[in-house]
Amino acid sequence: MIAWIRRLLGGHERPDLRASEAALERSRTARKAAEARQPSVDAAVAPLRRARQENHLAERIAEAFRGATS
């Protein structure tokens, strides 16, 4: 109990608190970096999405001609 009061009055940080704050700062930095990369990721993914959609439509059309139902 006395140690808790000393920390309260003295303002000493616990080592685990410093480590968790450092981890939080690293995660914030990583999130900002990921958000900055998002436009380039979207640009790279757009052609792949389009190709996947075209393949899906081609498969549906081929099934329709074969008489298959989905």
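1. Glutamate 35 forms a salt bridge with arginine 31, and their closest N and O atoms are 2.9 Å apart; the term stands for a side-chain nitrogen of Lys or Arg within 4 Å of a carboxyl oxygen of Asp or Glu. The structure holds 1 salt bridge. This is a predicted model, in which local features need pLDDT of at least 70 and side-chain atom pairs count only at pLDDT 80 or more, whereas totals for chains, interfaces and linings use all residues. Residues are numbered from 1 along each chain as its sequence is written, and side-chain values use heavy atoms, with hydrogens and water left out.

2. Glutamate 35 and arginine 31 are separated by about one helical turn, because they lie 4 residues apart in helix H2 (residues 15-66). Glutamate 35 is partly exposed at a relative accessible area of 46%, while arginine 31, at 57%, counts as exposed (buried is under 20%, exposed over 50%, partly exposed in between, with a 1.4 Å probe and protein chains only).

3. The protein chain has 2 helices and 0 strands, these being DSSP runs numbered from the N terminus (H or I of at least four residues for helices, E of at least two for strands). Of the 70 residues in the protein chain, 0% are buried.

4. Trp4, Ile5, Leu8 and Leu9 form a nonpolar patch on the surface, with about 470 Å² of accessible area together; patch members have over 30% relative accessible area and no salt bridge, with nonpolar side chains (Val, Leu, Ile, Met, Phe, Trp, Tyr) joined within 5 Å and like charges within 9 Å. Leucine 8 lies in helix H1 (residues 2-10) and counts as exposed at 58% relative accessibility.

Note on methods. Accessible areas come from the Shrake-Rupley method with a 1.4 Å probe; for residues, only the protein chains shown count as cover.
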